[in-house]
Amino acid sequence: MPTVEELYRNYGILADATEQVGQIRRQAIKELPQFAAGENLPRVADILTQLLQTDDSAEFNLVNNALLSIFKMDAKGTLGGLFSQILQGEDIVRERAIKFLSTKLKTLPDEVLTKEVEELILTESKKVLEDVTGEEFVLFMKILSGLKSLQTVSGRQQLVELVAEQADLEQTFNPSDPDCVDRLLQCTRQAVPLFSKNVHSTRFVTYFCEQVLPNLSSLTTPVEGLDIQLEVLKLLAEMSSFCGDMEKLETNLRKLFDKLLEYMPLPPEEAENGENAGNEEPKLQFSYVECLLYSFHQLGRKLPDFLTAKLNAEKLKDFKIRLQYFARGLQVYIRQLRLALQGKTGEALKTEENKIKVVALKITNNINVLIKDLFHIPPSYKSTVTLSWKPVQKVEIGQKRANEDTTSGSPPKKSSAGPKRDARQIYNPPSGKYSSNLSNFNYERSLQGK
């Protein structure tokens with residue numbers, strides 16, 4: 001039986017040996033780029049990519065630096081080694097190789113990232129995208145969106161087509177399959193920043209109108225606490241601004257109109273004494289109505305006689321009654337919100353309660369503007385509003401992307417396998433949160449007091 005002293009002595013020898021091995025490995029990594037010449041370079045890139053799996057932060061930094069070094073020597077050869085491991089390597093190596101590309105490519109000078117090199121990145125990325133997790137897809141979209149050759153209109157269109165293929169828009173939508181729903185939302189979030197007046201969202205808007213809206217109440221999601229219906233309606237609203245010519249415009253506009261009616265109740269029937277015959281006022285879901293009304297307003301511009309020529313007289317009369325009732329409740333709530341926020345500035349507006357009220361005021365003002373447009377004879381589609389969850393000032397996509405990118409000098413922690421979500425892409429409350437609180441804001445009491 002060895003003594004404690006012997007054990008400590010043996011452990012010290014082992015520790016010294018381990019440290020020596022580590023030093024040798026780090027020295028070898030430093031010297032590897034010297035062997036990266038000609039045919040050897042892709043092999044060296046392959047070896048360095050495999051070494052990204054190290055959990056030693058010093059070693060990890062050396063590997064990153066070595067890869068960047070040979071990247072500047074031969075970008076195509078280095079990409080060959082990286083993508084070889086992404087397609088065929090171990091999960092941890094694949095994960096870190098993708099993150100290397102997503103964080104380091106943008107640091108390389110233009111003379112390294114030539115048009116030919118970017119074309120190779122696009123070609124190889126398409127191979128990888130045939131089988132990716134949600135998190136990997138987000139990272140690859142960040143990589144591709146940052147390529148200079150894809151900043152043009154045709155480049156953006158190419159990316160939209162890539163996302164549409166990933167979203168599987170040719171397949172029938174299955175609202176009861178959480179993975180199907182999650183994939184569609186994940187892909188749509190990546191597509192939204194790409195849309196513009198020259199890069200249209202028509203395929204996505206058509207799919208949402210035809211496949212998703214009719215199944216809105218049946219949607220399931222693996223994300224706990226997410227209002228999946230509101231999430232879908234927000235994405236539709238954002239895309240509707242950039243919808244081009246649609247083949248079945250009238251049909252899809254009618255589907256959108258019918259869904260809007262579901263959230264715009266008729267006024268409650270009155271008893272003979274003038275009191276409400278029902279027990280309670282209908283709940284007004286302002287968040288949902290803002291999205292649906294905005295989308296209808298955007299698509300309605302393409303068929304301005306929809307309400308007057310495509311609906312029968314009874315249907316139009318019913319819609320105006322609903323609009324009038326909603327507008328009346330809206331005015332009451334707007335007054336209450338303005339009164340509650342009156343005189344509040346700075347820190348006072350940063351409390352959670354007041355943040356909710358500020359966003360609520362944005363939503364109700366938006367709905368008010370859109371309803372006024374539809375009350376014109378004939379209905380007008382000229383007003384412009386900024387969706388309540390969007391910043392008023394315009395943020396350039398490239399600038400926003402640059403602000404979100406972060407790099408780390410330490411090896412990233414290994415994450416669990418399977419599709420994941422980028423939390424930053426999810427539209428969180430307040431809008432979803434206060435949606436259930438609006439009718440509690442003295443709304444019924446105010447209406448009854450009128």
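Author: T206 counts as buried because its relative accessibility is 18%. Buried means under 20% relative accessible area, exposed over 50%, and partly exposed in between, with a 1.4 Å probe and protein chains only. This is a predicted model, where local features need pLDDT of at least 70, side-chain atom pairs count only at pLDDT 80 or more, and totals for chains, interfaces and linings use all residues. Residues are numbered from 1 along each chain as its sequence is written, and side-chain values use heavy atoms, with hydrogens and water left out.

Reader: Which helix does T206 lie in?

Author: T206 is part of helix α10, residues 202-212. Helices (H or I, at least four residues) and strands (E, at least two) are DSSP runs, numbered from the N terminus.

Reader: And what does T206 touch?

Author: M246 and N252, leaving out residues up to four places away in sequence. Contact means heavy atoms within 4.5 Å.

Reader: How many helices and strands does the chain have?

Author: The chain has 19 helices and 0 strands. Of its 450 residues, 47% count as buried.

Reader: New topic: α8. What should its span be?

Author: Helix α8 covers residues 153-167, which is 15 residues, and should span 21 Å at 1.5 Å a residue. The rule is 1.5 Å times one less than the number of residues. The end C-alpha atoms of α8 are 21 Å apart, so the two agree.

Reader: Which residues of α8 are buried?

Author: Among them are L159, V160, L162 and V163. R156 and Q166 are buried too. After α8 comes D168, with a positive phi near 60°.

Reader: How do α8 and α9 cross?

Author: The axes of α8 and helix α9 (residues 178-191) come within 9 Å and cross at roughly 175°. The two helices are therefore roughly antiparallel. That word applies to angles over 145 degrees; under 35 is roughly parallel, 65 to 115 roughly perpendicular, and the rest oblique.

Reader: Which residues make the contact?

Author: V163, Q166 and A167 come from α8, and R183, L184, C187 and A191 from α9.

Reader: Last topic: what pLDDT does the chain average?

Author: The average is 82, and 80% of the residues score at least 70. pLDDT is the predictor's confidence in each residue, from 0 to 100. Over residues 394-410 it is below 50, and this stretch has 18 contacts in the model beyond near neighbours in sequence. Where pLDDT is low, the predicted coordinates should not be read in detail.

Technical notes: Axes fitted to C-alpha atoms, helices over the stretch in contact; angles between N-to-C directions.
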